[in-house]
Amino acid sequence: MNEIPYARQIIDEDDIRAVVEVLRSDMLTTGPKIEEFEGALAEYVGAKHAAAVSSGTAALHAAMFTLGIGPGDEVIVPAITFAATANCVVFMGGRPVFADVDEDTLLIDPGDVERKITARTRAIIAVDYAGQPCDYEALRGIAERRGLALVADGCHALGARYRGRPVGSLADMTVFSFHPVKHITTGEGGMVVTDREDWARRLRMFRTHGITRDPADFSPLTSDLRPPTSGLRPPSSEPSWFYEMVQLGYNYRLTDIQCALGISQLRKLPGWLQRRRELAAAYDDAFAGDERIRPLAVREDVEHAYHLYVVRLGRELDRGEVFRELRRRGIGVNVHYIPVHLHPFYRRRYGTEPGECPVSEDAYEHIISLPMFPSLTRDEVSYVVDIVHDVARDIGGSH
Ligand SMILES: *Cc1c(COP(=O)(O)O)cnc(C)c1O
């Protein structure tokens with residue numbers, strides 16, 4: 001068998017046709033496909049509004065901008081996540097504060113969130129790690145009691161549910177990524193969803209340089225710059241060159257080409273999710289009762305989206321050795337993630353150090369992500385399982 005990767009996108013003829021159609025049209029970017037994709041995704045995740053942006057990282061940045069995070073503010077993030085979850089706080093001049101995770105699920109630990117709150121804390125970013133929703137009841141309770149915003153980094157969890165409700169409807173804002181390893185792809189791409197109309201407007205302004213064409217947002221400072229008809233409400237239908245840059249924004253737009261791909265991909269998401277769940281169940285069965293290879297725990301009240309399939313290796317197994325041996329045998333395993341507070345940037349800038357998030361740091365030594373993507377076959381799962389068992393036996397010694 002060829003090397004089996006840990007993740008792989010599916011692009012079919014429908015996707016290709018959808019993209020080519022946009023390429024043949026007049027609008028390659030900022031055309032009708034953006035709103036169509038935003039509307040379809042918002043509906044799928046049970047949110048009122050969505051703003052498409054150029055990546056999941058841009059989506060996180062836009063969320064922090066929208067909350068008004070700035071110097072002196074702290075935002076609590078889990079230690080086990082992709083670096084971008086914390087970086088977005090730094091982009092705005094705020095300080096990420098790392099909370100530890102639950103030992104069994106590796107989801108942010110609400111108890112530790114509570115301990116890390118200070119007078120400067122403004123928000124919590126919950127990461128639905130591997131595709132499993134966090135303990136939103138506990139997190140919502142904390143956020144409401146302490147007056148904090150709750151943002152969900154749902155980059156792993158498009159299509160997941162918590163107590164019947166989809167990720168996208170559980171926090172004040174939820175962020176998704178459409179990188180090719182995620183559930184659906186636009187090449188690069190991201191989305192922020194929210195129920196708040198005022199936030200949706202801020203998100204859209206941020207993705208296009210902080211510029212507005214809506215007279216409702218115009219400042220009295222510019223009344224002498226405007227053409228006489230602009231500034232009328234409702235907005236005049238007369239053509240106008242006028243716009244204002246009211247905030248410092250970026251070019252974080254997603255193109256129509258990409259949105260067409262996203263719309264086409266989203267149609268296939270339900271089938272792909274089902275497939276991921278079947279594959280996870282096959283792995284679960286194969287590892288049941290094996291203390292050397294323990295899948296992460298799944299909460300009773302969730303529908304997992306299985307972006308990743310993560311196992312925790314027994315302490316008698318050296319994870320580095322297992323990783324090397326699996327890669328040597330063509331299994332594209334990976335490790336998600338190096339605890340973010342241990343990266344040199346964070347240690348230098350904020351003085352974070354080992355010992356701050358002991359559960360995360362210990363888990364990091366023992367976890368490994370096995371191949372998980374919808375085109376993975378049952379035979380390939382069996383093949384992976386056999387090799388994992390072989391390697392565990394060879395390295396750990398037979399018991
Ligand atoms: C992928 C990912 C991101 C960043 O998304 P990009 O689209 O790659 O910028 C952020 N957070 C988590 C948890 C992710 O997995």
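## Around Val-77

Which residues does Val-77 touch, not counting residues up to four places away in sequence? They are Thr-85, Ala-86, Pro-96, Val-97, Phe-98, Ala-99, Ile-108 and Ile-125, where contact means heavy atoms within 4.5 Å. Val-77 sits in strand β2, residues 74-78; strands (E, at least two residues) and helices (H or I, at least four) are DSSP runs, numbered from the N terminus. With a relative accessible area of 0%, Val-77 is buried. Here buried means under 20% relative accessible area, exposed over 50%, and partly exposed in between, using a 1.4 Å probe and protein chains only. Val-77 and Ala-126 are 49 residues apart along the chain, and their C-alpha atoms are separated by 6.5 Å.

A word on the model itself: it is predicted, so local features need pLDDT of at least 70 and side-chain atom pairs count only at pLDDT 80 or more, while totals for chains, interfaces and linings use all residues. Residues are numbered from 1 along each chain as its sequence is written, and side-chain values use heavy atoms, with hydrogens and water left out.

The protein is divided into domain 1 (13-257) and domain 2 (269-396), with bounds that come from an automatic or database domain assignment. Taken over C-alpha atoms, the centres of the two domains are 28 Å apart. Across the boundary, 41 residues of domain 1 are in contact with 38 residues of domain 2.

How many cavities of 30 Å³ or more does a search of the whole structure find? The search finds one, and the largest cavity holds about 60 Å³ of space. A cavity is a set of points, on a 1 Å grid over the protein atoms alone, where a 1.4 Å probe fits but cannot get out; lining residues have an atom within 4 Å of a point. Grid points are joined across faces, edges and corners, and the volume is the space filled by probe spheres set on the points. The largest cavity lies between the domains because both domain 1 (13-257) and domain 2 (269-396) give residues to its lining. Among the lining residues are Arg-8, Ile-10, Pro-180, His-183, Trp-272, Arg-276 and Pro-374. By class, the lining has five nonpolar, four polar and three charged residues; Ala, Val, Leu, Ile, Met, Phe, Trp, Tyr, Cys and Pro count as nonpolar, Asp, Glu, Lys and Arg as charged, and the others, Gly among them, as polar.

## His-183, a lining residue

Now to one member of that lining. His-183 lies in the loop between β8 (173-177) and β9 (190-194), and at 5% relative accessibility it counts as buried. Leaving aside neighbours within four places in sequence, its contacts include His-156, Leu-158, Leu-269, Trp-272, Arg-276, Ala-305 and His-307.

A polar atom of the His-183 side chain lies 2.8 Å from the backbone oxygen of Ala-305.

Is Arg-163 buried or partly exposed? At 45% relative accessibility, Arg-163 counts as partly exposed. Arg-163 is placed in the loop between β6 (161-162) and β7 (165-166). Beyond neighbours within four places in sequence, Arg-163 is in contact with Glu-137, Arg-299 and Asp-301. The side chains of Arg-163 and Glu-137 are joined by a polar contact of 2.7 Å, that is, a pair of N or O atoms within 3.5 Å; within protein, one must be able to donate a hydrogen and the other to accept it, and residues adjacent in sequence count only if both atoms are side-chain atoms.

Gly-68 is found in the loop between α3 (56-67) and β2. Gly-68 is also partly exposed, at 39% relative accessible area, and, neighbours within four places aside, it is in contact with Asp-73, Arg-122 and Arg-202.

## Backbone details worth a look

Thr-30 has a positive phi near 55° and lies in the loop between α1 (13-23) and α2 (32-45), where it is partly exposed at 45%. Leu-106 has a positive phi of about 60° and is found in the loop between β3 (95-99) and α5 (110-116); with a relative accessible area of 1%, Leu-106 is buried.

The peptide bond from His-336 to Tyr-337 is cis, with omega near 5°. Tyr-337 lies in the loop between α9 (319-328) and α10 (344-350).

Technical notes
1 Å grid on protein atoms, 1.4 Å probe; cavity = no way out; pocket = protein on both sides within 12 Å on 5 of 7 lines; lining within 4 Å.
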